[in-house]
Amino acid sequence: MAKNKIRLELNYTGIGQLLKSGEMKAVVESAASQKASMAGNDYTYEAHLSTQRWHANVYPIGLDGWRDQLENNTLLKVLR
């Protein structure tokens, strides 16, 4: 039996545009927002565009948030 082979060529310019698009920003912000809310009220997030793609950071705010993170390692537990 003959095997069907498919050749796939990636459009790297298009992939780069997709990773920098507003739609990808929305996906990244949605995931970061969900994780921040799972961690509690003392956590927030920030999304930023690097040279290649969107990134987001989730971090504690205020003294209570930092204390909670240090004592309970909350962000690691949320990401599991």
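Helices here are DSSP runs of H or I, at least four residues long and numbered from the N terminus. The legends below all refer to a predicted model.

Side chains of opposite charge can pair when their charged atoms come close. D64 has a relative accessible area of 51%; the limit for exposed is over 50%, so D64 counts as exposed. R67 stands at 40% and therefore counts as partly exposed.

**View B. R7 and E9 form another salt bridge.**
The structure holds two salt bridges. In this one, the closest N and O atoms are 3.5 Å apart. Both R7 and E9 are exposed.

**View C. A nonpolar patch on the surface gathers L8, L10, Y12 and I15.**
Together these residues have about 470 Å² of accessible area. Y12 belongs to helix α1, residues 12-19. The relative accessible area of Y12 is 63%, over the 50% limit, which means Y12 is exposed.

**View D. Strands β1 and β2 pair in the antiparallel sense.**
Strand β1 takes residues 43-49, and strand β2 takes residues 54-60. Seven bridges link them. A hairpin of four residues joins β1 to β2. Y43 faces P60 of β2 across the pairing.

**View E. N57 sits in strand β2.**
Which residues does N57 contact, beyond its neighbours within four places in sequence? They are T44, Y45, E46 and H48. N57 has a relative accessible area of 39%; this lies between the 20% and 50% limits, so N57 is partly exposed. N57 and I6 are 51 residues apart along the chain. Their C-alpha atoms are separated by 38 Å.

**View F. A31 of helix α2 and A56 are 8.7 Å apart, C-alpha to C-alpha.**
In sequence, 25 residues separate A31 and A56. Helix α2 spans residues 22-39. A31 is partly exposed, at a relative accessible area of 37%.

**View G. N73 has a positive phi in the loop between α3 and α4.**
The phi of N73 is about 55°. N73 is not a glycine. Most residues other than glycine have a negative phi. Is N73 buried or partly exposed? At 34% relative accessibility, N73 counts as partly exposed.

**View H. T74 is buried in helix α4.**
Helix α4 runs over residues 74-79. The relative accessible area of T74 is 11%, under the 20% limit, so T74 counts as buried. Setting aside neighbours within four places in sequence, T74 contacts A39, Y43, D68 and Q69.

**View I. The protein chain is built from four helices and two strands.**
From the N terminus on, the order of elements is α-α-β-β-α-α. The radius of gyration is 19 Å, whereas a compact globule of 80 residues would be near 12 Å. Along the principal axes, the C-alpha atoms fill a box of roughly 65 × 35 × 15 Å. Of the 80 residues, 16% count as buried. The chain exposes about 6,600 Å². Carbon and sulfur atoms supply 53% of that area. Among contacts between residues at least 6 apart in sequence, 37% join residues at least 24 apart.

Methods. Residues are numbered from 1 along each chain as its sequence is written. This is a predicted model: local features need pLDDT of at least 70, side-chain atom pairs count only at pLDDT 80 or more; totals for chains, interfaces and linings use all residues. Side-chain values use heavy atoms; hydrogens and water are left out. Buried means under 20% relative accessible area, exposed over 50%, partly exposed in between (1.4 Å probe, protein chains only). Contact means heavy atoms within 4.5 Å. A salt bridge is a side-chain nitrogen of Lys or Arg within 4 Å of a carboxyl oxygen of Asp or Glu. Patches are made of residues with over 30% relative accessible area and no salt bridge: like charges are joined within 9 Å, nonpolar side chains (Val, Leu, Ile, Met, Phe, Trp, Tyr) within 5 Å. Accessible areas come from the Shrake-Rupley method with a 1.4 Å probe; for residues, only the protein chains shown count as cover. Two strands pair if DSSP finds at least two bridges between them. The radius of gyration is taken over C-alpha atoms; the globule rule is 2.2 Å times the number of residues to the power 0.38.
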